[in-house]
Amino acid sequence: PPVAELAPMTVETVEMFTPTHSVTARLNLRPSASLTATPIALLPSGTRVEKISEYGDWSYVNTETHGKGWCSSEYLSPLL
């Protein structure tokens, strides 16, 4: 008997964006935790971000529109 062809399988990963902090001032989003890294984006005050981790004075965050990057922890305020 002929072997049935299998339909190609696709795996779709949907990442949920769950904001945990708000930006308290205009803040640069950078590709690495360094002031010499060219910013990816400028986050306006009030932007909501999802804090993933911390390294020294830096936070690794996920943003809804610009993806993930590093910013100064000093300008993040936890959402209540």
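**Close-up views of the sheet, core and aromatic pair**

**View 1. Strands β4 and β5 pair in the antiparallel sense over 6 bridges.** Pairing requires at least two bridges found by DSSP between two strands; strands are DSSP runs (E, at least two residues) numbered from the N terminus. The model is predicted: local features need pLDDT of at least 70 and side-chain atom pairs count only at pLDDT 80 or more, whereas totals for chains, interfaces and linings use all residues. Residues are numbered from 1 along each chain as its sequence is written, and side-chain values use heavy atoms, with hydrogens and water left out. Within this pairing, E50 has N62 of β5 as its bridge partner. The two strands form a hairpin with 2 residues between them, and G56 in the turn has a positive phi of about 60°.

**View 2. An open sheet contains 5 strands in the order β6-β5-β4-β1-β7, with antiparallel pairing.** Strands β6 (67-72) and β7 (76-78) are at the edges with a single partner strand each, so one side of each lacks a neighbour in the sheet. From one strand to the next, the twist averages 45°. Strand β1 (residues 21-23) is joined to β4 (residues 48-55) by 2 bridges, and H21 has V49 of β4 as its bridge partner.

**View 3. Antiparallel strands β5 and β6 are joined by 6 bridges.** A hairpin with 3 residues between the strands is formed by β5 and β6. V61 stands opposite G69 of β6. In strand β5 (residues 58-63), 5 of the 6 residues are buried, so the strand is largely enclosed by the rest of the structure. Buried denotes under 20% relative accessible area, exposed over 50%, and partly exposed in between (1.4 Å probe, protein chains only).

**View 4. The largest nonpolar core has 9 residues: V23, L27, L29, A41, L43, V49, V61, C71 and L76.** Strands β2 (27-29) and β3 (41-43) each contribute at least two residues to this core. A nonpolar core is a set of buried Ala, Val, Leu, Ile, Met, Phe, Trp, Tyr and Cys residues joined through side-chain atoms within 4.5 Å. Leaving aside neighbours within four places in sequence, V61 has contacts (heavy atoms within 4.5 Å) that include L29, V49, C71 and L76.

**View 5. The count of aromatic pairs comes to 1.** Y60 and W70 form this tilted pair, at 5.1 Å centre to centre and 45° between the planes. Rings of Phe, Tyr and Trp (its six-membered ring) pair if their centres lie within 6.5 Å; planes under 30 degrees apart count as stacked, over 60 as edge-to-face and the rest as tilted. Y60 is partly exposed at 26% relative accessibility, whereas W70 is buried at 17%.

Terms used:
Helices (H or I, at least four residues) and strands (E, at least two) are DSSP runs, numbered from the N terminus. Axes are lines fitted to C-alpha atoms, for helices over the stretch in contact, and angles run from 0 to 180 degrees between N-to-C directions.
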